Amino acid sequence: MKKNLEQQRIEALYRYEILDTPADGCYDEITSLATKIFDVPISIISLVDTDRIWFKSTYGLDVEQIPREPGLCSSAIMSNEVYIVESARQDPRTMANPLVAGVMGLQFYAAAPLTSSDGYNLGTICIIDKNPRILNCKEASILLHLSRIVMDQFEVKLQARKLLKDFQAKAFK
């Protein structure tokens with residue numbers, strides 16, 4: 001039986017063994033840096049699982065995960081480009097979203113996909129503001145660069161785990 005793209009994407013996500021792992025300083029540094037670069041109160045490194053969006057790192061938000069719906073990251077991973085919502089209360093894609101209409105009052109959202117080496121969008125690095133704003137081309141490019149740095153870290157840690165497993169398998173033969 002042939003797997004659909006979403007099943008393949010989820011398998012790629014699980015291959016990184018990063019879901020539900022403890023906080024990691026390098027990712028926390030990236031989200032902290034993103035809030036400073038873009039002058040926003042919230043930055044998140046998210047991973048989109050089957051039924052939830054799990055946050056590997058957050059700055060300005062004290063939440064570990066949210067349901068996949070109504071999360072904006074689920075929409076953002078559908079594109080290989082930066083996904084931008086400049087004024088969420090005016091944007092038909094988001095005006096009814098509880099994160100926009102509810103207590104959080106999200107107005108601005110921009111996310112760059114975290115794309116695996118085999119081409120699957122696993123999650124995003126996103127920036128959020130409670131005020132509408134515009135993301136210019138230079139800023140969108142910076143957000144894409146940050147997403148690549150995050151993925152490089154994922155790849156390095158995956159390779160390190162593989163090397164350790166290979167070493168342990170040989171050492172304990």
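Tutor: What follows describes the sheet and then its surroundings. This is a predicted model, in which local features need pLDDT of at least 70 and side-chain atom pairs count only at pLDDT 80 or more, while totals for chains, interfaces and linings use all residues. Residues are numbered from 1 along each chain as its sequence is written, and side-chain values use heavy atoms, with hydrogens and water left out.

Helices (H or I, at least four residues) and strands (E, at least two) are DSSP runs, numbered from the N terminus; two strands pair if DSSP finds at least two bridges between them. Here, 6 strands form an open sheet in the order S3-S2-S1-S6-S5-S4, with antiparallel pairing. S3 and strand S4 (83-85) stand at the edges, each with a single partner strand, so one side of each is left without a neighbour in the sheet. On average, neighbouring strands are turned by 25° against each other, direction ignored; axes are lines fitted to C-alpha atoms, for helices over the stretch in contact, and angles run from 0 to 180 degrees between N-to-C directions.

Strand S2 (residues 52-59) has 6 of its 8 residues buried, so it is largely enclosed by the rest of the structure; buried means under 20% relative accessible area (1.4 Å probe, protein chains only). S2 pairs with S1 in the antiparallel sense over 6 bridges, and a hairpin joins S1 to S2 through 3 residues. Within this pairing, Val48 has Ile53 in S2 as its bridge partner. Ile53 in turn has a bridge partner in S3, Ile66. S2 and strand S3 (residues 65-67) pair over 3 antiparallel bridges, and Arg52 stands opposite Pro67 in S3. The hairpin formed by S2 and S3 has 5 residues between the strands, and Gly60 in the turn has a positive phi of about 85°.

Helices accompany the sheet. H2 lies across S1, S2 and S6, running at about 75° to S2. H5 packs on the sheet and touches S1, S5 and S6, its direction making about 40° with that of S5; contact means heavy atoms within 4.5 Å. In helix H1 (residues 5-15), the buried residues are Arg9, Ile10, Ala12 and Leu13. They cover an arc of only 160° around the axis, which puts them on the same side of H1; the arc is that of the directions from the helix axis to the C-beta atoms. Strand S1 (42-48) and strand S6 (121-129) are among what covers these buried residues.

A nonpolar core is a set of buried Ala, Val, Leu, Ile, Met, Phe, Trp, Tyr and Cys residues joined through side-chain atoms within 4.5 Å. The largest has 32 residues, and those with the most contacts inside it are Leu47, Ile125, Ile127 and Phe154. The elements giving two or more residues to this core are H1, helix H2 (25-38), S1, strand S5 (108-115), S6 and helix H5 (137-171). H5 gives the most, with 8 residues. Not counting residues up to four places away in sequence, Phe154 touches Tyr16, Ile18, Tyr27, Ile45, Leu47 and Leu114. Apart from this core lies another, of 18 residues, among them Ile53, Leu72, Cys73 and Ile77.

Methods:
Buried < 20%, exposed > 50% of the residue type's maximum accessible area, 1.4 Å probe, protein only.
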